[in-house]
Amino acid sequence: MKTRKALDPDKRSERVSWALVTPLTLVLGFFLLAPIATIVTVSFWGYNEWSFYPDFTFDNYLFHLTSAVTWATYLKTLKFVVLTWVFCAVIGFTVAYFLAFHVQSLPVQIALFLVCTIPFWTSNIIRMISWIPFLGRNGLANSALISLGVTDEPLEWLLYSDFAVVLAFVHLYALFMVVPIFNTMMRIDKSLVEAARDAGATGFQILMNVIIPLTKPGIMIGSIFVVTLVMGDVITVRHMSGGQSASVGRIISNEISLLQYPAAAASSVVLLVTVLLMIGIMMRFVNIRKEL
Amino acid sequence: MTETTEKKGLSRRSMLKGGAAVAGAALGSGAITGFPTIWAQNIKNITLRQFGTGVSNLNEVGQKVKEDLGFTLEMTALDSDSVTQRAATQPKSFDIADIEYWICKKVWGAGNLQAMDTSKIKNYDKIVGIFKSGKLTPESVIAQGTAPHSVGFVEGPDGKTFAETETGWMTLIPTIYNADTLGIRPDLIGRPIDTWAELLNPEFKGKASILDISSIGIMDMAMVVEAMGEYKYPDKGNMTRDEIDLTMKIFTEAKKNGQFRAFWKSFDESVNLMASGEVVIQSMWSPAITAVKSKGIPCVYQPLKEGYRSWGGGLGLSAALTGLELEAAYEYINWYLSGWVGGFLMRQGYYSAVPETSKEFMDANEWGYWFEGKPATDVIKNPFGDAMAQAGETRDGGSFYDRMGAVACWNAVMDENQYMVRKWNEFIAA
């Protein structure tokens, strides 16, 4: 009778680990690393009006980084990022705080949380476009303001302006702040808040010294979502500014439509590096892994 | 028409039986559609792949080809940038390219298209002068930009450079064209508009728009700059760097002063801007005007004293087409010019390259309204059944000769195209 040699448990668990990790590695390799490698490669290629060809040139980067349009656009995009982040963080924190600490019963918490997700039942684009008739010159907002006597003339800056862009961004992405912040707040041990109160802390002191420090990972995860989404946006800026503002995403999409794929690849690599740097800086403030 | 279809059915059934019956029926069906060809039995297996911009790539045309000619026409609609790219880089992906003349100028050099023998084009003599001599009537002045006749001919079947005159070898067979101008909301403006310069009139501050497609937008800008008396371009269709800078400077200043409400990129955006009253004067395309009107909102395609900016498209054959497929492509082109498609397009407000043949496919009221600029005697409907005009209305700009006779420039691609695009992006980001 043949006996199977029993596998050494250490080796066995090593094999299991390899088996478990392989699918994810393959998926990430094929769908994340390979495309990025392709983009980086093409970004050094040359191009003419109707084709692009292998080459090793820094022209694409040189043109992109020395163009005044690039800098103006990055500045504008950063402005949108900062404004959107501030509003999303304030709104997200307030909503999450209300849900986590003011609403006492769990079923109500869950029900209200689901209410927050209702706008997400329709597509991004529809939620954005529906602002246009609302904010327009003859839109609901202006007719309401005029009939209330707040203003005589329709407010022009409501639509096709930076205001409209930021408004749409905040509307689209506030929930990305609410969810992670709510999640971390729910894990805060309520007895910590009670202990702080017993020790004589005011409501504001509790917020600043107990709740905010413990919610940091949630705020950071939400911030990463908001920053990356706004940095990479293509259509919101175009539609809400009426095509009058540029964004980094639009530069890339313009280059693609003009068949300048190597230039578009170089712009994408620069954007990718910028976003990675921003996330790297944000990670400096909070060690998400340790806190989770 | 019904008779034809029935006979077709018969011939298709007989095909299954094979033998002499097939040849007989196929010949019979050929005779009825007016294209008697001995190889009609083989042609049904042919599929021609056509691609182009959305304007004339209509499913109705594909269906009618199947009905009248028996072969299959596969159509792909793309935006003009993708069309250019495909014509230049993927010759094997298409049989027929439905492209604009300025695209032809850009891609002909790539050698993916073959010139057509005009002796095989039955209605060649009836094609309007714009596409042959460049002159609509013998007295006409040739407009600036990429005028269709200037890229319409080559020296021979393999010619790479464009010929000055009719050579018998055509690059594109013209299919569809029109004259574009500014669209206005007469109810919100309340006074006559007669010049391109009004686009930058401070009176319309925050209520004007221009299209964000650089190759067309720059031409509209040039019309405005010239109308304002700022500069007279030797050729709007081929500006120098200085001229591009000057044009952009004037418009960037206007943008910074808040002249523009928005820039539009797609057809529906231009319709919404106009219909909602956000914009009262803007660059517009003819079908967009109709779409605004069909909502019951007054909108006029305003003829202006400086003239129109015009565009035209045509069918080109892939260099890879040979033998039976090539014959089928010629058959298709002859059919295209024989009138049905022309009528179909003219009833939407475009013009056909051979208007005489289209006349047979339009009633007297339609012909009078669309071509002759006469008041409609009854409701004018497009091929899809939507009302385009009521009795008593006349077409904005008048007759074919009034409109196409007043073309100031054609859509064009400039030698300094790359520079222009870069400046355009700066303008948008400004």
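Helices here are DSSP runs of at least four residues, H or I, and strands are E runs of at least two. I keep that in mind for the spans below, and I note that this is a predicted model.

I started with the UniProt record, an unreviewed entry, which lists "transmembrane region" for residues 20–47, 80–100, 112–134, 157–182 and 261–286 of chain A. I checked two of these spans. Residues 20–47 of chain A come out as 82% helix and 7% strand, with the end C-alpha atoms 43 Å apart. For residues 112–134 of chain A I get 70% helix and 0% strand, and the end C-alpha atoms lie 26 Å apart.

**Cores.** Next I looked up the largest nonpolar core, and it has 116 residues. A:Met185, A:Met240, B:Phe251, B:Phe260 and B:Ile281 have the most contacts inside it. Which helix gives the most to this core? It is helix H8 of chain A, residues 162–186, with 13 residues. Another core lies apart from that one; I count 82 residues for it, including B:Trp311 and B:Val354.

I then clicked on A:Met240 and left out neighbours within four places in sequence. A:Met240 is in contact with A:Met128, A:Trp131, A:Ile132 and A:Leu135, and also with A:Leu159, A:Tyr160, A:Ser161, A:Ala164, A:Val165 and A:Ala168.

**Chain B overall.** I find 17 helices and 18 strands in chain B. Of its 430 residues, 58% are buried. Chain B exposes about 16700 Å², and carbon and sulfur atoms supply 51% of that. Taking contacts in chain B with a separation of 6 or more, I see that 68% join residues 24 or more positions apart.

**B:Asn365.** I picked this one out in helix H15 of chain B, residues 364–370. Is B:Asn365 buried or exposed? Its relative accessible area is 13%, and the cut-off for buried is under 20%, so B:Asn365 counts as buried. Not counting residues up to four places away in sequence, B:Asn365 touches B:Ala376, B:Thr377, B:Asp378, B:Val379 and B:Ile380.

**Where A meets B.** I finished with the interface. Chain A puts 25 residues into the contact and chain B puts in 30 residues. The area buried between the two chains is about 2400 Å², with 48% of it from carbon and sulfur atoms. How many salt bridges are there between chain A and chain B? I count three. I also looked up the side chains of A:Arg250 and B:Asp212, which meet in a salt bridge at 3.0 Å, N to O.

Key: Residues numbered from 1 in each chain as written. Chains lettered and ligands numbered in written order. Predicted model: local features only at pLDDT ≥ 70, side-chain atom pairs only at ≥ 80, totals over all residues. Heavy atoms only, no water. Core = buried A, V, L, I, M, F, W, Y, C linked by side-chain atoms within 4.5 Å. Buried < 20%, exposed > 50% of the residue type's maximum accessible area, 1.4 Å probe, protein only. Contact = heavy atoms within 4.5 Å. Areas by Shrake-Rupley, 256 points an atom, 1.4 Å probe, with all protein chains shown as cover. UniProt positions renumbered as here; feature names shortened; annotations may be inferred. Buried area = accessible area lost by both parts, 1.4 Å probe. Salt bridge = Lys/Arg side-chain N within 4 Å of Asp/Glu carboxyl O.
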